[in-house]
Structures are given as C-alpha cells and as structure tokens.
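Reader: I am new to this structure and would like to learn how its features are read, one at a time. Could we look at it together, slowly?

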Amino acid sequence: MGKTVSSMLRAFAHLSDEAVVALVARSDHDALAELYDRFGRVAYGLALRVLRDESLAEDAVQEAFLQAWRSADKFMPERAKAGTWLLTLVHRRAVDLVRREERRRGEPLEAAGEHAGDGPVDEQAWLRYQRERVQAALRRLPDQQREALELAYYGGFSQSELAERLGQPVGTIKSRMFSGLARLRELLEEPTEGERTWEPTPSTT
Amino acid sequence: MGTDALHHLTAAYALDTLDSVERREYEAHLARCERCRAELASLSEAAAALAYGVEAPPPPPQLRERILDRARAERANVVPLRPRWALPAAAMAVAAVAAAIALAIWASSLSNKVDRLQASSAKQEQIAAILAAPGAQYVGNRGSVLVVTRSGLGALVVRELGPARKGLVYEAWVADHGKPKPAGTFQSKGLLTIVPLKQAVPKGATVLVTREKRRVDSPTTTPFIRVST
C-alpha cells in the first residue's frame, strides 16, 4: 500500500512491503530505512492527528518503528499486510501517549493543509489519492457511525470516554464502531470512481 | 468478562478504544478464538486505512536518522541460536545481572503506581517479586542468570535468546540429584527473556533449557543453557 515511484527506483523497489519487513526481521538496516520511507509520512500524519503535538508525534513514530525493528520476526504476513501491522503499532503508541498526556482531542486539526504539498510529487499524489478514497468512504457512512469511528481512531478516546462524550451506553458505541468499521471495509473494497469509468452507463429508456 | 462480550470487542480493539485491562482480556481471548483472529485481521485493515484519511505533513528529516541511529545502537534483534559471546563469561554475567537488577527496580517500582493493574500482569509481578526479593542469590553462566530467592523460588534471565525455530519451544528444567523436572515452556522475548520457574530450585540444583517440539515431561534434546546454584 505504501509504494511510491521514488521508492521503486531504489534497491528494494521490487520487494513487497511484507518482504521488506522480512528483511527487517533479519536486522537489515537498509530495509528499516526502506520501511520508513514507505510509511514514515503516513505514520507521522496519523500520530500528529491523534497527538496534536509535533514532538509527541515524533516520539510515537520513533517508538513504533523501533518496536517494529525489535518484533519484525513476529510479523505474520498471512495475518496482516505489513502496512496494517506497522500503522497498528503507530496508532497504539499514539493512543497510549495521548491518554497519558490527557491532552484534549477530537477537534479538527487547524492548518492541516499547510504542509500537505511538501515532499516528493509521487508520494504526494499517492497520499492524496488514498486520502480522498478514505474520506469518500467515510462520507458514505451513516453520521453516527462516522462520528464514532473518527472520535475513536483520530481522537484516541476509550470506549467508555466515547460513551460519556456521546451520551450513549457503551453497548451502543461498540455496535456503532463495529457497524462503521465493517461498512468502511466494504466501501474501501469497492472500485473507485476512476476504476469504474469503463462500465457501460445503464440505459434509461 | 464473558466470552460473548469478548467476541464483540473486536472492532473496539482494532480501533484501540479498550483500556489496558480490557485490552489484555481481549488478547487472552484472541489467543483461543480463531473466529476473532480472522475478524480482527479484516477489521484492522479497515482501521489502518483510516490513517490515510488525514493530511500528512512530511515528518521532520531528522526523525528518519534518529530512528535508524537508535536501531543501529540496539543489538541485532535476531541472533543465531548459538550466540558468539564477545565478552568474557564473567563480564556477560555481570551485565546480565545489572540488567536484571535494573529490571527488578523498574518492576518493583510498578507496584507503587496507582495504575499498576495497567502496567503489570500477574506474571510480571511474580518475576518482580523474585528479582527484588531480599537476599536473592544471583548466579550467572555466559548470557544467563539464575535468580533464586531464599525460599527457593527461581527465575531465569537469558540475554539475547534468539527466537525458537518454527514449531519449537524452549523448556526450562530444574535438575537436582536425578531426573530434571519440567519448569515451564517459554518463547524468546528479545533482548532479555525472563522466565519464572515453575519448580522450586533447591541449593545445588542446576537449571537447564532445551528446545522441544512441545511441552514434554523429560528433556529430549541436549540442554544449551546450564546454570548451577
């Protein structure tokens, strides 16, 4: 998922994300650098979104990558994509930190677009494509499910905090998160607009 | 928490909305429930996709170097099963003891924290109790240190134990005038693997570790770790 044109030009270009993690498990530093080049930016963006603090976000990303370095041998490619595994580590770190810091969370991040245009063009294009795809899928969720997912994932709230914040029983929150995530999974599997253009337009007559 | 309730925590877990106690309960359940493992794999992918939903500014350039430097500074995360000890055995034992003591201090400090439920599982508490016991005896042999309390409770600390080959586990033994008694199976935990022993360690006994296909009642392979009290 994290492949970009510039990463393809390098020595590891032909390797899948999973193969890169397999090399990381054999203590290959270059493979770790490659993993960072593929996922560092999205990892940092995620950590920053949850933590709203640049230095804490750096800490979360650093700890997650070092955890990946130490535990890559436990990664099971038959269980998860490498990107999912890594971003799960990043999210967990960020959430643990935000709860420890008791920072206020969940409000929209200001000036988020300020730097979004920096970095290699291919990476920007890739991330923008992904972002629009995910945001489009989120927009198609029922409001309550979207709200639960966004507060949970980006806000780092625990399910009991969510229940309190949304004035609903924990059971309701749980089921909104489950339905929302299951629906999001379906929506993300659907072909996107661009991929659908070849389809014949249904006749209206 | 009942099993039914645990099945329904998969999405909450994938989104990291469980507190640490719930998280551990769910992980224990996950180890036994194939259905939940499959569902988690699929929901986690959707959750991780959310990471791509935010605008991501480039991280500061120094972050990349810092991560790579730290990784280089850490010992290789996978070592051959027969490590080449670069330091003399005694120095290694001292280093391992120092590490064990640092860990014991850390572990015992946990019990003072309000959130100790969060930080320590029953096993960690057991380990902490052994390592921090007054008058506990520390004996080392190469990369391994055996800690035995006055009452005979033992814990083995192994530095840089490589992961067991696929399909194998490590099994600890306590040998005291006769057939070794099984003292529990374990996996490598990276830099320091700490194993609370399920057998008392009498004075003069030797603690052994073998590689086995599964938990067995008597060793089927030659011990590759031996530490005598």
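Reader: Which residues touch the most other members of the largest nonpolar core?

Author: The general idea is that in soluble globular proteins nonpolar side chains tend to be buried together. Please keep in mind that what you see is a predicted model. In the largest nonpolar core, which has 80 residues, A:A43, A:A47, A:V90 and A:L181 touch the most other members. The element that gives the most to this core is α3(A), with 14 residues. Apart from that core lies another one, of 27 residues, and its members include B:V148, B:Y170, B:A183 and B:V201.

Reader: With which residues is A:V90 in contact, leaving aside its neighbours within four places in sequence?

Author: Once those neighbours are set aside, A:V90 is in contact with A:A43, A:L46, A:A47, A:A60, A:V61 and A:A64.

Reader: How many helices and strands does each chain have?

Author: Chain A has 10 helices and 0 strands, and its pattern, read along the sequence, is α-α-α-α-α-α-α-α-α-α. Chain B, on the other hand, has 8 helices and 8 strands. Buried residues make up 40% of the 205 residues of chain A, while 34% of the 229 residues of chain B count as buried. If we take the contacts in chain A between residues at least 6 apart in sequence, 69% of them join residues at least 24 apart; for chain B, the corresponding share is 60%.

Reader: How should I read the packing of two helices, and at what angle do α4(A) and α5(A) pack?

Author: Two packed helices are described by the angle between their axes and the distance between the axes. In the case of α4(A) and α5(A), the angle is about 135° and the axes are 8 Å apart, and the two helices are therefore oblique to each other. Their crossing is right-handed. On the side of α4(A), the contact is made by A:L56, A:D59, A:A60, A:V61, A:E63, A:A64, A:Q67 and A:A68, and on the side of α5(A) by A:L86, A:L89, A:V90, A:R93, A:A94, A:L97 and A:E101. Sorted by class, the residues of this contact are 10 nonpolar, 1 polar and 4 charged.

Reader: Turning to the two chains together, how many residues of chain A are in contact with chain B, and which elements take part?

Author: In this model, 60 residues of chain A are in contact with 42 residues of chain B. On the side of chain A that touches chain B, the elements giving two or more residues are α3, α4, α5, α6, α7, α8 and α9 of chain A. The element that gives the most to that side is α3(A), with 11 residues. By class, the residues of this side of chain A divide into 30 nonpolar, 16 polar and 14 charged.

Reader: How does α3(A) pack with α5(B), and what is the hand of their crossing?

Author: Here the angle is about 150°, with the axes of α3(A) and α5(B) 10 Å apart, which makes the two helices roughly antiparallel. The crossing of α3(A) and α5(B) is right-handed. From α3(A), the residues A:H29, A:L32, A:A33, A:Y36 and A:G40 meet B:R64, B:I67, B:L68, B:A71 and B:R72 of α5(B). By class, this contact has 6 nonpolar, 2 polar and 2 charged residues.

Reader: I would also like to read the backbone angles; what is the phi of A:S27, and what is that of B:D16?

Author: Most residues other than glycine have a negative phi, and most peptide bonds are trans. A:S27 is not a glycine, and yet its phi is positive, at about 65°; B:D16 is not a glycine either, and its phi is positive, at about 60°. A:S27 lies in the loop between α2 and α3 of chain A, whereas B:D16 is found in the loop between α2 and α3 of chain B.

Reader: Are A:S27 and B:D16 buried or partly exposed?

Author: A:S27 counts as partly exposed, because it has 19 C-beta neighbours inside 10 Å. B:D16 is buried, with 23 other C-beta atoms within 10 Å.

Key:
Residues are numbered from 1 along each chain as its sequence is written. Chains are lettered from A and ligands numbered from 1 in the order in which they are written. This is a predicted model: local features need pLDDT of at least 70, side-chain atom pairs count only at pLDDT 80 or more; totals for chains, interfaces and linings use all residues. Two residues are in contact if their C-beta atoms, placed from the backbone, lie within 7 Å. Helices (H or I, at least four residues) and strands (E, at least two) are DSSP runs, numbered from the N terminus. Ala, Val, Leu, Ile, Met, Phe, Trp, Tyr, Cys and Pro count as nonpolar, Asp, Glu, Lys and Arg as charged, and the others, Gly among them, as polar. A residue is buried if 20 or more other C-beta atoms lie within 10 Å of its own, exposed if 12 or fewer, and partly exposed in between; C-beta atoms are placed from the backbone. Axes are lines fitted to C-alpha atoms, for helices over the stretch in contact, and angles run from 0 to 180 degrees between N-to-C directions. Angles under 35 degrees count as roughly parallel, over 145 as roughly antiparallel, 65 to 115 as roughly perpendicular and the rest as oblique. A crossing is left-handed if the near helix is turned anticlockwise from the far one by less than a right angle, and right-handed if clockwise. A nonpolar core is a set of buried Ala, Val, Leu, Ile, Met, Phe, Trp, Tyr and Cys residues joined through C-beta atoms within 7 Å.
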